[in-house]
Amino acid sequence: MVCLAASIISKSGKVLVSRQFVEMSRIRIEGLLAAFPKLVGTGKQHTYVETENVRYVYQPIEALYLLLVTNKQSNILEDLETLRLLSKLVPEYSYSLDEEGICRHAFELIFAFDEVIALGHTENVTVAQVKQYCEMESHEEKLHKLVMQSKINDTKDVMKRKASEIDKSKIEKRGDKGGFGPLQSMGSGRVENSFSDMSISSSGTGFGSGSGFGLTTDPDSFSTKPKGRPTSSATAPPKGLGMKLGKSQRTNQFLESLKAEGEVIVEDVQPKLSQSRSAAPPLTDPITLTVEEKLNVTLKRDGGVSNFDVQGTLSLQILNQEDGNIQVQVQTGDNQAISFKTHPNMNKELFANENILGLKDPNRPFPTGQASDAGGVGLLKWRMQSTDESMVPLTINCWPSSSGNETYVSIEYEASSMFDLRNVVISVPLPALRDAPSVSQIDGEWRYDPRNSILEWSVLLIDNSNRSGSMEFVVPQADSSAFFPISVRFMATDTFSDLKVTNIIPLKGGNPPKHAQRTQLITENYQVA
């Protein structure tokens, strides 16, 4: 047998991978492969086609052809055996048998073809042996990697030594010119840490923490400042001495040289407050009150509720210190299943009698400024639990049924009229698939995540126009339990508590400051199991 070439081409004649095993010109192999689609007839079950000079032995692989080009004197039985072995190797290296998948793993396929055919003759190997030969480690490669790692380590040592010399020379120059005595012994990293320690931020969301209001632990949360603390103008160095925070230019040059050699450099960066608050929208109103409820629901796949839990909070954010002496009047809804609890620093009797939230000591203001936690200062929290299925804002029904070698799945959602749901995403787990599922009908949009094998069904808005919807798709035969648990995400601008802020009462007189209320209901853990 003399095999001239092994190729993978599309049914339209596009060459994806081709490996030649004998000496031949590019023009000739391109001509042979271009002539093959014209020779293959429709409706025939032959696996070979002969011309005057060569024989084509081929096998369809989905939308592609696996093709062997041999001379006419070769043994066709051996050709078919070689073709069968190659057809087993292709799915091992390219899980997606389409043009994109074949082109992505072209070199792995060529290496595997070389292990099967050498100089036009078939080797006596199996699929397991070919995979073992292709994955064998190289001693020369290991040695090369060790040498490169040694060079990188040496360069790092030189960089650290040079950087320490630069820091010492800078300290000596500052000692000659004068400056700040306590700061002369500090490196750049220590100076950054000393300044970062000066920035005080109140933390805690309000419950279970003494620092939630900043009344007991952090005096900087209030308008008064401790005596003796220098201001920013007093701590700044005089103009001309030029104490700079950060790394020197020479150190950066060493870092750049390491990056050029392929080394990954991770630089120390001081965290900024704005980065931690990037997810929160910017505050524009003097006073902002946020009503947030988190929903934890577990629905049974056959109907019913196994867990329904709503946890809500009311938080306060104040921008200006002059607006800190206030009280907040709220209006609670008619839901008797909700139990409210105030923060320990709040006046419980005032809230119970008049629905007014204020501090026990009315002379002390609330913490102010955006340096507080992104959620603000917690004032009130509440919780509701139920087993009533009518309280569930969104129910999911999943109906998998098998027919032959396929499983047909129908999923339906039904939304309650209590809320208008936004950005709804229903995530359905699927068995391991080679291709995306076939979606035949859907109300909304869908996306398949092949890495996690999840089908995501998204609906931008569910209101009175689409309180119910469905999706149907087909996958290869699978057990019904493979499509559970189904996870659901959504948000709404209404809440179960229906809590509203009706008034802001200034304790020092004057007009009530302008305020804004943000209300949202979000899912924390919502699934059908």
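Axes are lines fitted to C-alpha atoms, for helices over the stretch in contact (heavy atoms within 4.5 Å), and angles run from 0 to 180 degrees between N-to-C directions. Helices (H or I, at least four residues) and strands (E, at least two) are DSSP runs, numbered from the N terminus. The model is predicted: local features need pLDDT of at least 70, side-chain atom pairs count only at pLDDT 80 or more, and totals for chains, interfaces and linings use all residues. Residues are numbered from 1 along each chain as its sequence is written, and side-chain values use heavy atoms, with hydrogens and water left out.

**View 1. Helices on the sheet.** α1 lies across β1, β2, β3, β4 and β5. Its angle to β4 is about 60°.

View 2. Helix α1 spans residues 26-39. Buried here (under 20% relative accessible area, 1.4 Å probe, protein chains only; exposed is over 50%, partly exposed in between) are I29, L32, L33 and F36. They sit on the same side of α1 because they cover an arc of only 90° around the axis, taken from the directions to the C-beta atoms. The cover over these residues includes β1 (3-10), β2 (15-20), β4 (54-61) and β5 (64-71).

**View 3. The open sheet.** 5 strands run in the order β2-β1-β5-β4-β3, with antiparallel pairing (at least two DSSP bridges between two strands). β2 and β3 (48-50) are at the edges with a single partner strand each, so one side of each lacks a neighbour in the sheet. Neighbouring strands are turned by 20° against each other on average, direction ignored.

**View 4. The β1 and β2 pair.** These antiparallel strands are joined by 5 bridges. A5 stands opposite Q20 in β2.

Methods
Expected span 1.5 Å × (residues − 1).
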